[in-house]
Protein chains: 2
Amino acid sequence: MLYPRFKHFIEQKKMFSLGETLVVGASAGVDSMVLFDLLLKLSHVWKLKLVLVHVNYKLRGEHSDLDEMLVQEKANAASVPFFRFTHTEKSEGNFQEKARTFRRSKMEEVLDQQNAACIALAHHQNDQAETFLLRLLRGTGLKGLGGMKGSSLSKSGKKYIRPLLPFTREEIEAYAEEHKIAYRHDASNDDVSYKRNWIRHEVLQQLKQANPKIVNHLSHLSSQLREDEEALEYYVEAALQKVSISEDFGKCSLKREIYNSLPKAIRLRLSAAVFQKLFLESAILSADHREKIDHIALRKEGGKAQYFLPLNVLFTRDHEKIYFQKENVSE
Amino acid sequence: MLYPRFKHFIEQKKMFSLGETLVVGASAGVDSMVLFDLLLKLSHVWKLKLVLVHVNYKLRGEHSDLDEMLVQEKANAASVPFFRFTHTEKSEGNFQEKARTFRRSKMEEVLDQQNAACIALAHHQNDQAETFLLRLLRGTGLKGLGGMKGSSLSKSGKKYIRPLLPFTREEIEAYAEEHKIAYRHDASNDDVSYKRNWIRHEVLQQLKQANPKIVNHLSHLSSQLREDEEALEYYVEAALQKVSISEDFGKCSLKREIYNSLPKAIRLRLSAAVFQKLFLESAILSADHREKIDHIALRKEGGKAQYFLPLNVLFTRDHEKIYFQKENVSE
């Protein structure tokens, strides 16, 4: 029952075409082992060439090596090329984030080397729902609530696909059982001291009492919110075209009339975008700053007003114009 | 500490002006008793005239009458006019919804009769956060996740204000204790078989483990998502202007070029809006219908295609045009 829906989703999202090469990221867990199995079925019909990539983080001693062996066996049994990488850097900071960056860079290397069309990842609805709740807890706006897409391009222009996105973990596990697919259980997934596991095992279980279809629902909601955010970004981009930029003076100016005619959600995003565009990629204006700018720009009384922003940027409202300008700092 | 922030919020949102009359909805619970106390303080400075309104639903026997008595005592002590209404209709269906409609209609009657500027309600951050989670569980899009505003107009054009929106329930309870404000506890708020109470007493308590400021955060998020939805509606409205409507034929048509140039979130909302505008206020196109319409409109191949929608509406793509048309039903 999974396979026809899987195939339909790939066709509908035009993820790849007949005869192409796909890089499949495989951890040895049930998700990626099922993904590989389904792609293997499809590969016979669509004449695909599959390539398996595994990254060994050496975090769970012997278990890490057994994971790697299982993926290797799968690859051998299916006569599929297998690439393994070892990531042992014990650096400080966000390990998960660094592991992800490493894994992606290796998969992209293999993609280039194999002249592959895309990289297939095993994300599914529970990942979407869990990420949604994690971000909700952490404190985020619409942007952070938007989920992953079936098909997307990385910053480096590589194509990633997620053909398991229509399915829940339960469906994937049921498929594994029915088709006797070997996989390895990662014990660290049970440790509820990790926030994601806590969400999975406790929060989502609680919410299921009220809505048994909560995973499905949150997963769809997050896809839909991503489309909503993309629409808002489209209009911010259109509004940015009306900002005049004089790079010599590090100044961005805009007619108040134009700014004031925009809906509030666009106005607040626009000032953040102008600030970022002119001054620094990573410069982020706080919600308070954006609200204050908005207040000054909109208010009827008074001709001229100024407001200091971070990074020595001065926001000025001068009668019919508003502008952001980098102040010179004397050395 | 609450009072200055309360006053600042009212000023910032321009909720009302010096010398105006305000209708205050009061249940006898801590929220509305604190709201009344704070407005009373402000009324001395701002020369406001307050009017208290209480609705007795006779649901909890003697307790309902004691609630009413407390509000009446408060009104007498402050020399404020008091209006009470009894709602005893034991109708089927959603009681909460009907009670709310009744309460609002009575408050609006008093507003008219007293020539008041607005109706003050005691909603606070916990109400926002709980509503957000309730809607999240029920299954909703961006629109349903948007929170209440500090100040809004009802469909009948009456102004409602929510001056307690910047505060959490804990802050309101602490204020009541500090200022020895009498209020009555509604025991039905503890019954976790009501979904809202379950959210309040169980779900939110669990989420607080991960983020102690979760109420504050969800409340802000829901306000922000409301602004996001309002922006999208603004662009849908702008797109609707480009739809040509021939009422004689019950037909709405639009150039495909225009439709296809819009971001997806706007396209899906636009077809829902066109359908609703032309056929029925309450007609709702499902997500599946909207996706299908979108697919037909966007696809490159093929000149003409048709798709049946509910209410005997036929969607047609005819080369460079798309249209919705009500089919005649033979009698």
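**Exercise 1. Determine where B:Ser79 lies and whether B:Ser79 is buried or exposed.**

*Solution.* Step 1: B:Ser79 sits in the loop of chain B that runs between helix H3 (62–77) and strand E3 (82–86). Helices here are DSSP runs of H or I with at least four residues, and strands are runs of E with at least two, numbered from the N terminus.

Step 2: The relative accessibility of B:Ser79 is 65%, and the residue counts as exposed. The cut-offs are under 20% relative accessible area for buried, over 50% for exposed, and partly exposed in between, with a 1.4 Å probe and protein chains only.

Step 3: B:Ser79 has a phi near 55 degrees, a positive value in a residue other than glycine. Most residues other than glycine have a negative phi.

Conventions for all exercises: this is a predicted model, in which local features need pLDDT of at least 70 and side-chain atom pairs count only at pLDDT 80 or more, while totals for chains, interfaces and linings use all residues. Residues are numbered from 1 along each chain as its sequence is written, chains are lettered from A and ligands numbered from 1 in the order in which they are written, and side-chain values use heavy atoms, with hydrogens and water left out.

**Exercise 2. State in which loop A:Lys58 lies and what its phi is.**

*Solution.* Step 1: The loop is that between strand E2 (49–56) and helix H3 (62–77) of chain A.

Step 2: The phi of A:Lys58 is near 55 degrees, which is positive although the residue is not glycine.

Step 3: With a relative accessible area of 36%, A:Lys58 is partly exposed.

**Exercise 3. Describe the buried side of helix H1 of chain A and what covers it.**

*Solution.* Step 1: The buried residues in H1(A) are A:Leu2, A:Tyr3, A:Phe6, A:Phe9 and A:Ile10.

Step 2: These residues cover an arc of only 125 degrees around the axis, so they are on the same side of H1(A). The arc is taken from the directions that lead from the helix axis to the C-beta atoms.

Step 3: Their cover includes helix H2 (30–46) and helix H7 (169–178) of chain A.

Step 4: Just after H1(A), A:Lys14 has a positive phi of about 45 degrees. A:Leu18 is in the loop between helix H1 (2–12) and strand E1 (21–25) of chain A, and at 59% relative accessibility A:Leu18 counts as exposed.

**Exercise 4. Compare the span of helix H12 of chain A with the expected value, and identify its buried residues.**

*Solution.* Step 1: H12(A) (residues 287–298) has 12 residues and reaches 16 Å from its first C-alpha to its last, close to the 16 Å expected at 1.5 Å a residue. The expected span is 1.5 Å times one less than the number of residues.

Step 2: A:His289, A:Ile293, A:Asp294, A:Ile296 and A:Ala297 are the buried residues of H12(A). Down the axis they fall within an arc of 165 degrees, so they line one face of the helix.

Step 3: Among the elements that cover them are helix H11 (264–279) and strand E10 (313–318) of chain A.

**Exercise 5. Characterise the packing of H8(A) with H8(B).**

*Solution.* Step 1: Two packed helices are described by the angle between their axes and the distance between the axes. Axes are lines fitted to C-alpha atoms, for helices over the stretch in contact, and angles run from 0 to 180 degrees between N-to-C directions.

Step 2: Helix H8 (residues 195–210) of chain A and helix H8 (residues 195–210) of chain B pack at about 180 degrees, with axes 11 Å apart. They are therefore roughly antiparallel, a label for angles over 145 degrees, whereas those under 35 count as roughly parallel, 65 to 115 as roughly perpendicular and the rest as oblique.

Step 3: The contact (heavy atoms within 4.5 Å) includes A:Trp198 and A:Leu207 of H8(A) and B:Trp198 and B:Leu207 of H8(B).

Step 4: Its residues divide into eight nonpolar, four polar and four charged. Ala, Val, Leu, Ile, Met, Phe, Trp, Tyr, Cys and Pro count as nonpolar, Asp, Glu, Lys and Arg as charged, and the others, Gly among them, as polar.

**Exercise 6. Characterise the packing of H9(A) with H11(B).**

*Solution.* Step 1: The axes of helix H9 (residues 214–240) of chain A and helix H11 (residues 264–279) of chain B come within 7 Å and cross at roughly 110 degrees. That makes H9(A) roughly perpendicular to H11(B).

Step 2: On H9(A), A:Glu227, A:Asp228, A:Ala231 and A:Tyr235 meet residues of H11(B) that include B:Lys264 and B:Arg269. By class, this contact has five nonpolar, no polar and four charged residues.
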